[in-house]
Structures are given as C-alpha cells and as structure tokens.
Amino acid sequence: MDFDNLHQILRSLYEQMMPLCEDMAGVAKGIAGLGALFYIAHRVWQSLARAEPIDVFPMLRPFAIGLCIMFFPSVVLGTINSIMSPVVQGTAKMLEAETLDMNRYREQKDKLEYEAMMRNPETAYLVSNEEFDKQLEELGWSPGDMVTMAGMYIERGMYNMKKGIRDFFREILELMFQAAALVIDTIRTFFLVVLAILGPIAFAISVWDGFQSTLTQWICRYIQVYLWLPVSDMFSTILAKIQVLMLQSDIERMQTDPNFSLDSSDGVYIVFLCIGIIGYFTIPTVAGWIIQAGGMGGYGRNVNQMAGRAGSMAGSVAGAAAGNVVGRAGKLLK
C-alpha cells in the first residue's frame with residue numbers, strides 16, 4: 001500500500017474543498033452586516049448619551065472583518081497557509097533525508113546478514129538453494145546420511161518458518177505504524193476543511209459584542225491543527241534517525257562480532273515500532289504546546305484513549321506472535 005499517495009490525496013482534498021468557503025461568505029456577509037449595524041449603533045449611542053466625542057477608529061473593526069469575509073480564501077487562508085507552508089516544507093525535507101539514509105543502511109544490513117550466513121558452512125544452506133543442493137549431493141544413501149538429510153530439511157524449514165513469521169509480524173506493525181500517521185493526517189485534513197469552510201461564519205459572529213474572542217480562537221485552532229503535519233514529520237524524522245542509529249550499531253557489531261544475534265535486534269525493532277505507534281497520537285498535544293487553543297480538550301482525551309488501545313493491541317499482537325513462534329519451534333524440535 002502506497003501511503004504517500006494517500007497523503008497526497010488528502011492534500012488535494014483540502015485544495016478542492018476550499019471553493020466552498022465562498023458559498024459560506026454570502027451567509028457570513030449578512031450576519032456580519034447585521035452585527036456591524038448593532039456594533040456601530042451601540043457605540044454611537046453611548047458616545048451621544050455621555051456627550052463624548054465619537055471615536056471612529058474602533059468602529060473600523062467590522063469593516064476590516066467584512067473585507068476578510070469577502071476575500072476569505074485569498075486574504076485569510078492564503079496568508080496563513082503561505083506563512084506556515086515553509087515550516088511544512090522544511091520538516092518534509094528533513095524526513096525525506098532521514099528516510100533515504102534508513103533505507104540505505106537497511107539494504108547494507110541485509111547484505112551483511114546474507115554474507116555472514118554464507119561464510120558459515122553450517123548456515124549457508126539455510127539461505128542459499130544452491131548450497132543446499134550441493135550439500136545434499138555430497139551425502140550418500142546410508143542410514144546416517146538419511147538422518148543428516150532429514151535434519152537439514154527440518155532446520156531449513158524451521159529457519160524459513162521463523163523468518164516468515166518474523167517478517168509477517170514486522171510488516172503488520174509497520175502497517176499499523178503507517179496507519180497511525182495516516183489517521184492523524186486524515187483527522188487534520190477534516191478539521192482544516194471544517195474550519196476553512198465555516199471560517200467566514202466564525203469571522204461574522206466575532207463582529208457581535210461578546211463574541212470577539214471567536215476570531216482569535218478560530219485563528220489559534222486553525223494554526224494548531226495546521227501544525228500537526230510538521231510535528232508529525234518531525235516525529236517521523238526522529239524515529240527514522242533512531243532507526244538509522246540502530247542499523248549503524250547492528251552493522252558495526254556484525255562486522256566485528258561473528259557471534260552477533262539478529263534475533264535480539266529484531267526484537268528491539270518490534271518494540272520500537274510499538275512505541276512509535278503510541279507516540280503518533282501525542283502529536284495533537286505537542287502542537288498544543290506550540291500554540292494554545294481552547295475547546296480541544298475533549299479530542300485530546302479521545303486521542304489518549306485511542307493511543308492506549310493501540311498500545312494494548314500492539315502488545316497483544318507481539319505476545320501472540322512470539323508465543324506462536326516459540327510453540328511451533330518447540331513442536332519441530334520434538
């Protein structure tokens with residue numbers, strides 16, 4: 001599954017939904033116009049009642065908001081997106097660089113693992129069909145050779161089964177890892193689309209007395225949700241960097257220690273994936289540290305509960321897969 005393509009679909013969805021802001025602008029103009037009438041009339045009446053000079057500057061606020069509503073997609077959304085876009089592009093480049101390094105080191109590790117297995121005559125037949133056929137041809141048909149041949153088939157079958165289960169389990173966790181990032185991006189896109197479409201209404205309501213904070217709250221929430229993507233890219237960059245360091249450590253140990261076991265390295269990688277799955281759901285909280293926005297507490301609690309469930313699921317799958325491997329290996333040994 002190409003997750004990058006799914007993320008691109010979410011980007012195009014946001015861009016295609018933006019024209020709907022203009023449909024809401026007509027309704028928002030009426031709300032803002034009525035609010036501006038009461039807003040200006042109230043302040044003029046106060047000044048006349050107190051025999052004070054009329055302060056014109058505060059009365060320009062409804063007209064400024066009205067201009068923002070009329071050109072909402074270009075003036076408001078265009079300005080915010082233009083300011084925040086370099087942040088997104090910078091974190092995306094960081095992630096791309098670390099991902100390329102991770103793939104390069106992973107290929108090098110797989111190559112070293114294959115070469116280490118091929119150097120040892122006792123394990124070469126496990127990874128090479130040619131070596132396996134060669135050792136079978138060297139055996140005869142005596143009872144001792146038949147026992148040896150049966151043992152080779154059993155050991156090769158155990159190795160392939162263990163490797164297959166390990167790869168299958170790793171692919172499941174990697175799929176969950178990518179799905180967690182996609183969940184965050186999908187929710188982010190949904191929130192941005194809703195905030196963008198209903199943004200003119202929020203601006204119109206802010207003209208009315210008592211609802212002035214609606215304008216600042218909308219801007220804070222939009223920027224906070226917009227920051228989910230760069231925070232997610234930074235989190236993925238950190239995870240990729242940790243994987244690069246782990247791969248570098250494994251490569252160095254494979255080059256210097258002939259008795260290095262790859263099973264322990266794979267176990268650490270699986271645990272690391274579980275941590276990463278849970279960590280993705282802390283992204284909204286981290287974005288809230290950058291810019292505060294009210295009304296997001298309920299969603300934060302839901303995300304924390306989802307993270308706990310994802311961690312429990314990943315732990316359950318890890319335990320089940322580990323028990324399955326041990327159980328099947330025990331049966332084959334018997």
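Predicted model: local features only at pLDDT ≥ 70, side-chain atom pairs only at ≥ 80, totals over all residues.
1. Salt bridges in total. Side chains of opposite charge can pair when their charged atoms come close. The structure holds three such salt bridges.

2. Aspartate 185 and arginine 11. The closest N and O atoms of this salt bridge are 2.7 Å apart. The pair joins distant parts of the chain, with aspartate 185 in helix α7 and arginine 11 in helix α1, 174 residues apart. Aspartate 185 counts as buried because its relative accessibility is 4%, whereas arginine 11, at 25%, counts as partly exposed.

3. Arginine 188. Its side chain also meets that of aspartate 185 in a salt bridge, at 3.9 Å from N to O. Arginine 188 and aspartate 185 are three residues apart in helix α7, so about one helical turn separates them. Both are buried.

4. Aspartate 101 and arginine 104. This salt bridge has an N to O distance of 3.5 Å. Aspartate 101 is partly exposed at 27% relative accessibility, and arginine 104 is partly exposed at 45%.

5. The largest pocket. Its volume is about 1,400 Å³. The lining has 47 residues, and Asp4, His7, Arg11, Leu95 and Asp233 lie nearest the centre. Helix α4 gives the largest share of the lining, 14 residues. By type, the lining divides into 25 nonpolar, twelve polar and ten charged residues.

6. Helix α9. At 1.5 Å a residue, the 14 residues of α9 (213-226) should span 20 Å, and the end C-alpha atoms are 20 Å apart, which agrees. Buried residues in α9 include Leu215, Trp218 and Tyr222.

Terms used
Residues numbered from 1 in each chain as written. Heavy atoms only, no water. Helix = DSSP H or I, 4+ residues; strand = E, 2+ residues; numbered from the N terminus. Expected span 1.5 Å × (residues − 1). Buried < 20%, exposed > 50% of the residue type's maximum accessible area, 1.4 Å probe, protein only. 1 Å grid on protein atoms, 1.4 Å probe; cavity = no way out; pocket = protein on both sides within 12 Å on 5 of 7 lines; lining within 4 Å. Points joined across faces, edges and corners; volume = space filled by probe spheres on them. Nonpolar A, V, L, I, M, F, W, Y, C, P; charged D, E, K, R; others polar. Salt bridge = Lys/Arg side-chain N within 4 Å of Asp/Glu carboxyl O.
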